[in-house]
Amino acid sequence: MAESPAGNGSASLFSPFRMGKFYLSHRVVLAPMTRCRALNGIPGAALAEYYTQRSTKGGFLISEGTSISATAAGFPHVPGIYTEEQVQAWKPVVDAVHAQGSIIFCQLWHVGRASHQVYQPGGMPPISSTSKAVSKRWRILLPDGSHGVYPTPRPLGTYEIEAVVEHYRQAAVNAIQAGFDGIEIHSAHGYLLDQFLKDGINDRTDEYGGSLTNRSRFLLKVVREVVSAIGSSRVGVRISPAIDHLDAMDSNPLKLGLHVVDRLNKLQQEVGGKLSYLHVTQPRYTAFGQTESGKLGSEDEEAEFMRTLRGAYEGTFICSGGFTRKLGMQAIENGDADLVSYGRLFIANPDLALRFKLNAPLNKYVRKSFYTQDPVVGYTDYPFLNTTSGEKDPLSRL
């Protein structure tokens, strides 16, 4: 297990932590969140301002999901990391974060079937593990602001998977070239890699379907290739074995989660170095609820599920999904996580770590502005505590 430089005493949400080669001053992490402000896939000044506002000395930020290829997007105006223009555009954003003393990882993202022909080159169907579409209880946000039905995807041919693995590897290399401290492989929330992991989606009969070993093969290939390219200490992995977001259901989420954890532990032993972290989303994150799909049914069951994964993983463990200040403090103090990532609360409170430390009131987020393209409204205009202009390092006054 990773260790805290604080040395003695019990850990808290505000105590330092050593995440591999990175030293963090607190454990309040900016979760990756789609915000749709990178016009035409190119990060701009608005992103630099947004991430800078949420930076603290020794803080840890994970970028929004960032497309690894031209087929990877499923939202309007999400950033990419697969062209030279995108790489160059990310540099000022990353530099601005580093100037505040923060560490930032780039989340590598391919949505798979959670896309639409309007986002695909030539209007082609999106790719997936399957030909089954996301059900009509879900709607996809289209570029004109309307919501549409998810189309029927095209299952990837076995021979095509290596090319997608290469897209992940190259995107990781590009992220490091852009100045990111590392990357997070998004294998959660019903997106491409999760579509291979979950037996409620994956109906393949080749070596990427059926058994747990086969269903996790794609993810493990990606992790191995990315580690070989940029080193294990710069690689995090995100999974969500127990949520049903975008119909991502599995018949035995605990068994799936433990299998992935076991394979990641073995990979770390094989390469002789720890991954930066494992990032797991709580079951309560899902929009429709895990009990609807026969999954976990109580807070105690959820906590035990997460505790089991945390106990099995040999490395830094980040938890996310509906955490409050109180729940985050409990998770750290009880040893259920090393770090806690926050999403919606961080949208509305750029100085979230400071507000948590002071137990100060929180701004309320405005959901209708989550996925708009305005570079300011609902993005960089949430007020800081006792100031409208923000501070370079708000935690420094504690």
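Student: Which side chain does Asp244 meet in a salt bridge?

Tutor: Side chains of opposite charge can pair when their charged atoms come close. A salt bridge is counted when a side-chain nitrogen of Lys or Arg lies within 4 Å of a carboxyl oxygen of Asp or Glu. Here the partner of Asp244 is Arg137, at 3.8 Å from N to O. Please note that this is a predicted model, in which local features need pLDDT of at least 70 and side-chain atom pairs count only at pLDDT 80 or more, while totals for chains, interfaces and linings use all residues. Residues are numbered from 1 along each chain as its sequence is written, and side-chain values use heavy atoms, with hydrogens and water left out.

Student: Which parts does the pair tie together?

Tutor: Asp244 is in the loop between strand E11 (235-239) and helix H7 (253-271), and Arg137 is in the loop between strand E6 (127-128) and strand E7 (140-141), so the pair links parts 107 residues apart in sequence. Helices (H or I, at least four residues) and strands (E, at least two) are DSSP runs, numbered from the N terminus. By the salt-bridge rule, the count comes to 14.

Student: Which residues line the largest cavity?

Tutor: Rolling a probe the size of a water molecule over the atoms shows where empty space is left. On a 1 Å grid over the protein atoms alone, a cavity is a set of points where a 1.4 Å probe fits but cannot get out; a pocket is an open set with protein on both sides within 12 Å along at least five of seven lines; lining residues have an atom within 4 Å of a point. Grid points are joined across faces, edges and corners, and a volume is the space filled by probe spheres set on the points. The search finds 1 cavity of 30 Å³ or more, with about 40 Å³ of space. Its lining consists of Ser187, Asp194, Leu197, Ile239, Ser240, Pro241, Leu256, Gly257 and Val260. H7 gives the largest share of that lining, 3 residues.

Student: Which residues lie nearest the centre of the second largest pocket?

Tutor: They are Gln282, Arg284, Ala303, Phe323 and Leu327, from a lining of 17 residues. The volume of this pocket is about 350 Å³. H8 contributes the largest share of the lining, 6 residues.

Student: At what angle do helix H3 and helix H6 pack?

Tutor: Axes are lines fitted to C-alpha atoms, for helices over the stretch in contact, and angles run from 0 to 180 degrees between N-to-C directions. H3 (residues 161-177) and H6 (residues 217-230) pack at about 35°, with axes 9 Å apart.
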